[in-house]
Amino acid sequence: MSEPKAPTPAPGDTYKGWLFKWTNYIKGYQRRWFVLSNGLLSYYRTQAEMGHTCRGTINLATANIAVEDSCNFVISNGGTQTYHLKASSEVERQRWITALELAKAKAVRMQPESDESGDDSTPPASGQGAGSRNSEVQSTLRTLSSKVEDLSTCNDLIAKHGSALQRSLSELEGVRLGGETSEKFRQVTERATLFRITSNAMINACQDFLTLAQTHSKRWQKALQSEREQRVRLEETLEQLAKQHNHLERAFRGATVLPSSQSNPSIDSKGPVPVKGDASDEDDENEFFDACEDVQEFITVPADPKYHRRSGSNVSGISSELGMDDGTTSLDEQSLASNPESPQSQELVPVRKRRSRIPDKPNYSLNLWSIMKNCIGKELSKIPMPVNFNEPLSMLQRLSEDLEYYELLDRGAKCQNSLEQMCYVAAFTVSSYSTTVHRTGKPFNPLLGETFELDRVQESGYRSLCEQVSHHPPAAAHHAISERGWTLRQEIALASKFRGKYLSIMPLGSIHCIFEKSTNHYTWKKVTTTVHNIIVGKLWIDQSGEIDVVNHKTGDRCHLKFAPYSYFSRDVARKVTGVVTDKDGKAHYVLSGTWDEKMEYSRVMQSSRGGENGAEGRQKTVYQTLKAKELWRKTPLPEGAENMYYFSTLALTLNEPEEGVAPTDSRRRPDQRLMEQGRWEEANAEKQRLEEKQRTVRREREREANRTASPSEEGKEPADGAEEVEIASEPSETTYKSGHQDNYTPMWFERLVDPMTGETTHIYKGGYWEAKEQGSWDSCPDIF
């Protein structure tokens, strides 16, 4: 009991001290400096690190505190973070437990309070005094409530430690003088110390509560009375405004509509001006919110009421600005509603029932050491990768999954305004990532010449074809065309970089979308995909980067930003934001949402630019927008998806056997089929056979090319590292643009210069669907 006296952990105070933290089996427990503040427990290697390097932080609001023995205790937040800690003594351990329990109780209470206060949007009071009084009252009430909860917590702790002290005293009365006397006296002394610590915390909490109650009691009563009187006045004012609103609504509905020749010349004169001024529409549409250009700075507070008074003229002005005639529906009213489907799509009936399940994924353990030891002395390009890392789909089939939400392009094809159409294309761009959130399995690398068709004409109005057009660098070409007026094509190559803890996958190449009716031509590129915890831990996927969707015909542009995941960010995970601008850089729509769930749009009514030191701080541009509406929402995964590689409804049908497909189709690939059936050992053997077959074909093709080359080129052998199907040298942007090196001519695509972007890419040359109708596949290579 001669150790220095530590500060008593009073409720709400910052508590600091040294604890021993378990690190690993080699180093064991290591001394660390812990700081408890605002419901967060952080630790540092030394006190000097507090200003710049935090080694870890755990939120006590969701944490579980458990005592193991006299000095050890554990703090865990459900599995992702667990701290095994040890104090220097039982008394020191109890001081920390008391401080942690008080901090946890306060953090749990403050969570719902902060949520409620964040959701409330109280209108400004008539004067600054009323607003400050209301804020002060609310703050005082929260503080008093917090103190009452502290008293309750301390009361429970006093009862607990008091009972323990009473038991120790009872045991002491029956102890005989002897060897165990000193041990019992030590226990009683420690129990008494613990009871004193808790009692001091209780006394401090009572004193704080009493001081606050005496200080604010009279002011609190006056403020409450003032709030009651103000509420009565507001209710009377609202009643008068409601009567005036009803009177104006009746007068407006009874007004005569002017002919088009006398109306605003900015409105198209092809027909009568449609009456959009219904009061119910105004209530729904004329809600304004502020949104900022920066992904971290979007805010949703009501704009200045002056915009509500002149909202009717603003909306009509925007519509005329977009070039809508009287037969065109406004984007904010019907065009982007996510629920309505076209009559054509509702009448279509599938010609066949697609499968909704595949065999469950086997629970095979993977021994990484058995793979690594078989790789010793071998070249990297010759390492056979087992199917344990894969999912039973090829990269061509994964590429076809971009059409999961083809309805967005169907709706975009009906738009008469390019800016509205841009919103649909941007949402389609984001939706292609929604299927990847749980898909940590690697798709099979396609063999050179492998194809995949997706014929959904009778169900969905489109058909799609993919072909592996190159292996060095690996690249796949994709072409999809719809009866509803759009064409999608792309050529994608993948570059990857292994960073130790994570793997970054950078798609190279552009995606093109052309609408037949408007001839609008859109292009964009894909963002970087990152797979985390490659070596240790549970795999998880993130998407990050920026996308510029460009309409090459009109100059319209949508800049999308995929925010990378950050543990310390308060923002929603997987967030995506974007701004749709015309060729002059004027913003018309703001997009926001997440790439794994939904996207929303808001029409921009006005934008303002603040100075560097202005009221907006670092917000460079602030957009006054209408209320956000849903543009796209992810379809829930089918039941039992966690046992079926987290496949979506479309993905479950991609490898379903179909009659009449080409012999090079991915559905006919034997190793992929065996894996889907759960026969992984046979799949691994078949996979190695196919890889060796492709190496043989490649060597024969290169020998043939050497025989036809000039004499100076004869006899040269290709590098050994350029023969593998699974792990090849990754393409850079320069390598990808410079050309392919396989001496291979694709069956259904030809390499051309794109007239719109100037890039050299593979474009569908036709003939596949005609060959399918005739059943003529004689020219297809034997790759399986």
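Select Gly-485 to begin: in the hairpin of β13 and β14, which has 3 residues between the strands, Gly-485 takes a positive phi near 100°. Strands such as these are DSSP runs of E with at least two residues, while helices are runs of H or I with at least four residues, and both are numbered from the N terminus. This is a predicted model, in which local features need pLDDT of at least 70 and side-chain atom pairs count only at pLDDT 80 or more, whereas totals for chains, interfaces and linings use all residues. Residues are numbered from 1 along each chain as its sequence is written, and side-chain values use heavy atoms, with hydrogens and water left out.

Now select both strands of this hairpin. β13 and strand β14 (residues 486-498) pair in the antiparallel sense over 8 bridges, where pairing requires that DSSP finds at least two bridges between two strands. Within this pairing, His-478 has Gln-490 in β14 as its bridge partner.

Next, select Arg-463, which lies over the face of Trp-769, at 4.3 Å from the ring centre; a charge sits over a ring if NZ of Lys or CZ of Arg is within 6 Å of the ring centre and within 35 degrees of the ring normal. Rings of Phe, Tyr and Trp (its six-membered ring) pair if their centres lie within 6.5 Å, and planes under 30 degrees apart count as stacked, over 60 as edge-to-face and the rest as tilted.

How many aromatic pairs does this rule give? The count comes to 18 aromatic pairs. For one of them, select Tyr-15 and Trp-96, whose ring centres are 4.6 Å apart and whose planes meet at 70°, so the pair is edge-to-face. Because Tyr-15 lies in strand β1 (residues 15-24) and Trp-96 in helix α1 (residues 90-119), the pair ties together parts that are 81 residues apart in sequence. Tyr-15 is buried at 4% relative accessibility, and Trp-96 is buried at 0%.

Key. Buried < 20%, exposed > 50% of the residue type's maximum accessible area, 1.4 Å probe, protein only.
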